[in-house]
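Thanks for coming. I will take you through one structure today, a few places at a time. Please have a look at it before I start.

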Amino acid sequence: MTILAQRPKSMTDKPMHYCPGCGHGIVHRLMGEAFDELKIGERVIGVAPVGCAVFADDYFACDMVQGAHGRGPAIATGIKRSKPNAIVFSYQGDGDLASIGMAEIVHAAVRSENITVIFINNAIYGMTGGQMAPTTLVGQVATTAPKGRDPKLQGWPINMCEMLAQITGAKYLERVAVDTPQHVMAAKKAIKKAFENQVKGVGFSMVEVISQCPTNWHANVEQALEFVRTKMMPQYPLGVFKDEGAN
Amino acid sequence: MTQKTLRKGNEALAEGAIRAGARFFAGYPITPQNEVPEFMSAYMADAGGAFVQAESEIAAINMVYGAASTGTRSMTSSSSPGVSLKQEGITYLASADLPCLIVNVMRGGPGLGSIGGAQGDYFQATRGGGNGDYHVIVLAPNSVEELGNFPKLGFELAEKYRMPCMILADGILGQMMESMAFNFDPIDPNKLGKFDWAVDIEKNGRPKRKVFSYKGDNLIADVTERAKRYGLIEKTEARFEERNTEDCDVLLVAYGLSSRACLEAVNHAAEKGLKVGLFRPITLWPFPSKRLLELAGKVKAILAVEQSLGQMVQDVKLAVGDKTPVYLKAYPAGGQPEGEAILQAAQSALSGKTEGLFDLQRHAEGFTYECKRDLSLGVQGDRKGGK
């Protein structure tokens with residue numbers, strides 16, 4: 001009997017709690033595959049965020065630390081500086097990384113901490129029930145922007161990859177999506193590279209994943225994927241914003 | 001053990017911490033504790049550890065959270081407004097049962113306050129400080145020598161009970177120079193053994209480990225277990241120092257720098273033939289209530305002396321109840337206590353004259369205290385010009 005596909009060894013068999021159609025599970029799986037392929041599973045220590053992925057510490061087989069909202073890059077810094085041989089990641093959503101944790105992500109990049117950040121951007125606060133995120137699109141309705149995000153009142157969405165690209169210490173920045181099999185394959189490549197960079201000691205690497213949140217977008221999965229393509233991608237173009245890994 | 005040398009308080013503390021095996025330090029500049037991160041930036045790397053100047057106190061304490069998760073002896077230091085910022089991380093450290101050392105070289109408050117030494121953060125330190133039901137162990141040094149030697153005690157207590165430990169010093173202690181000696185040999189943290197809860201990269205087939213703060217349905221069991229630990233600590237770890245407490249009429253209660261001024265008062269009293277003793281809590285949490293209650297039965301009055309508006313005195317009152325009258329000589333907002341004035345206050349307390357003192361009385365409605373000082377300042381800040 002030939003095994004064609006199986007759960008990555010770097011993941012546990014705990015059923016995930018994510019909503020149907022959510023992108024988190026896909027990204028977790030891609031990370032697990034990357035750990036297996038890079039043979040770093042034993043060395044990984046992950047930092048789980050506050051938000052929908054607060055239970056991510058149950059899904060990875062590695063040792064995990066779960067900390068305060070937005071502080072993942074600081075916690076990861078403490079782990080990495082204490083255990084330089086560990087492969088340390090911080091997994092964060094958009095409110096976590098681009099709002100309450102803005103200082104921590106910027107300065108982790110400034111110091112070029114040799115960590116890997118996986119940033120899930122779905123333009124909404126998920127766990128708390130659909131409030132406006134720093135990445136919420138102009139006009140997008142949220143429970144705290146009931147008439148849609150109005151730049152006059154709430155400003156414009158923030159593009160993290162473009163912003164962090166200005167920082168010398170940020171060594172690898174790529175934005176990917178998980179809406180189609182092709183994009184999932186590209187996301188896998190980017191995530192793997194972001195961890196490979198850490199193995200090589202390249203410095204701060206971040207992959208931003210444009211993800212879908214059917215629940216809080218009040219959309220079915222098909223509509224959510226359509227929203228990713230027609231609304232999210234024009235604001236958040238996919239691509240590589242910085243790649244100094246080869247240098 | 002070392003020879004006695006002349007050292008600045010903050011530097012003694014920083015060197016003491018490295019000697020005690022601290023191998024991770026993160027901090028942010030704030031007066032009057034800047035010598036601590038400066039010392040760490042110069043010597044931590046040589047000791048094989050890591051120093052990070054963080055982007056904020058919030059980041060610094062969360063870096064400590066990460067480093068402490070790995071079982072590394074980790075610490076941060078700051079001063080009052082910065083320690084307020086750290087409270088988020090401290091409550092997470094408590095919830096995740098992580099040992100670490102937090103240093104507060106107190107300055108005047110509230111808010112930005114002043115850069116002078118003060119003791120206004122007693123409540124914040126002893127009541128938890130952040131959200132939720134928790135404590136940190138609080139050590140209150142009163143000399144440069146204790147500043148240098150308490151980091152070892154702090155790490156040991158923190159690790160024994162798996163919780164943060166705070167050294168609560170103040171700006172004068174941090175800045176002053178005294179002759180001091182380290183009373184222990186440098187510790188190699190690599191020889192201390194490993195924790196069975198720390199995240200690591202050498203798993204060798206053991207189950208995965210998690211350090212986490214969200215307890216969900218297990219929160220009641222989690223907090224209950226911690227409460228039992230707290231009870232054990234209150235029973236076994238209360239530390240204090242006594243001076244002339246046998247056969248005294250007035251018992252001064254003071255910690256940290258205030259206790260130094262009280263020592264002066266105790267010595268003056270002895271010269272004048274007055275019976276004044278000093279009870280100095282060394283641990284502020286756990287507060288040494290049991291011994292204080294024993295002493296309360298033998299004295300005519302207790303005078304709490306503190307560089308705050310009446311914070312520690314609440315623990316004094318909780319400890320002694322109605323057994324003995326409790327008075328307060330308060331030096332808030334950076335006021336500096338002075339031996340002669342304290343001695344006068346002790347004599348006032350003994351004679352029941354409470355002018356210039358706070359007189360603590362237990363009212364039928366509950367625990368409160370009356371201010372006998374004239375505070376007829378009127379009410380300011382009323383809105384004006386409204387229609």
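In which crossing does α1(B) pass α2(B), right-handed or left-handed? It is a right-handed crossing. Before I go on, please keep in mind that this is a predicted model.

Let me stay with those two helices. In general, two packed helices are described by the angle between their axes and the distance between the axes. Here, α1(B) covers residues 9-19 and α2(B) covers residues 35-43. Their axes come within 8 Å and cross at roughly 40 degrees. That angle makes α1(B) oblique to α2(B); angles under 35 degrees would count as roughly parallel.

Which residues meet there? From α1(B) we have Asn10(B), Glu11(B), Leu13(B), Ala14(B), Glu15(B) and Ile18(B). On the α2(B) side they meet Glu35(B), Val36(B), Phe39(B), Met40(B) and Tyr43(B). Sorted by class, the residues of this contact are 7 nonpolar, 1 polar and 3 charged.

Next, chain A, and strand β3(A), residues 87-93. Is this strand enclosed or open? Of its 7 residues, 7 are buried, so β3(A) is largely enclosed by the rest of the structure. You can check this face by face. On one side, Ile87(A), Phe89(A), Tyr91(A) and Gly93(A) are buried.

Strand β1(A), residues 44-48, runs parallel to β3(A) and is joined to it by 4 bridges. Within that pairing, Gly46(A) stands opposite Phe89(A). Strand β4(A), residues 116-121, is also parallel to β3(A), with 5 bridges between them. There, Gly93(A) has Ile120(A) as its bridge partner.

Last, the place where the two chains touch. How many residues does each chain give to the contact? Chain A gives 28 residues and chain B gives 31. On the chain A side, the elements that give two or more residues are β2(A), α2(A) and α4(A). The largest share is that of α2(A), with 8 residues. By class, this side has 13 nonpolar, 7 polar and 8 charged residues.

If you want a spot to look at, find Val65(A), which stands opposite Val211(B).

Definitions and conventions:
Residues numbered from 1 in each chain as written. Chains lettered and ligands numbered in written order. Predicted model: local features only at pLDDT ≥ 70, side-chain atom pairs only at ≥ 80, totals over all residues. Contact = placed C-beta atoms within 7 Å. Nonpolar A, V, L, I, M, F, W, Y, C, P; charged D, E, K, R; others polar. Pairing = 2+ DSSP bridges. Axes fitted to C-alpha atoms, helices over the stretch in contact; angles between N-to-C directions. Parallel < 35°, antiparallel > 145°, perpendicular 65-115°, else oblique. Left-handed = near helix turned anticlockwise from the far one by under 90°. Buried ≥ 20, exposed ≤ 12 C-beta atoms within 10 Å, placed from the backbone.
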